Amino acid sequence: MTFHVANPVGKRGEDIAAHFIHSKGYSVVEMNFRKNYTEIDIIATKDNVLVFFEVKTRISGEYGTPFEAITKAKIQNLVKTASLYQSTHPKLPQQMRIDAIGVVLDKDKSVVDIEHVENISGF
């Protein structure tokens, strides 16, 4: 049996990202939507677009940048899960995209950098 154990650094990054996108005019619809083995960190709307956010958080550069952790396979899984989510929520906007947010924290978990990249899937 597998249990999902919350990653405190990842959770902190997702909370920071949610506040960040809210300040940019997005309305958060849902956080941590899970289907099978894929999770969408944040689902939000802005300007009649349904936006699915992948959030990656790092404390150091030891494992690369946050965006280097988003693989082609991860994007493909996000596209499938986003399409499923959209089909089961017909009242939400039909136009959609997948964005990424990279959060870099210092050792005290304070924000060093946050970056938002739109439309990482190309649809």
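Helices (H or I, at least four residues) and strands (E, at least two) are DSSP runs, numbered from the N terminus. The model on view is predicted: local features need pLDDT of at least 70, side-chain atom pairs count only at pLDDT 80 or more, and totals for chains, interfaces and linings use all residues. Residue numbers start from 1 along each chain as its sequence is written, and side-chain values use heavy atoms, with hydrogens and water left out.

Start by selecting helix α2, residues 72–87, and pick out Thr81 within it. Thr81 counts as buried because its relative accessibility is 5%; buried means under 20% relative accessible area, exposed over 50%, and partly exposed in between (1.4 Å probe, protein chains only). Now show the contacts of Thr81, where contact means heavy atoms within 4.5 Å. Not counting residues up to four places away in sequence, Thr81 touches Phe33, Lys35, Thr38 and Ile40.

Next, select strand β2, residues 38–46. Eight of its nine residues are buried, so β2 is largely enclosed by the rest of the structure.

Two strands pair if DSSP finds at least two bridges between them. Look for Glu30, which stands opposite Ile43 in β2. The hairpin of β1 and β2 has two residues between the strands, and Asn36 there takes a positive phi near 55 degrees.

Then select strand β3, residues 49–58, which pairs with β2 in the antiparallel sense over five bridges. Return to Ile43: this residue stands opposite Phe52 in β3. End at the hairpin of β2 and β3, with two residues between them, where Asp47 in the turn has a positive phi of about 50 degrees.
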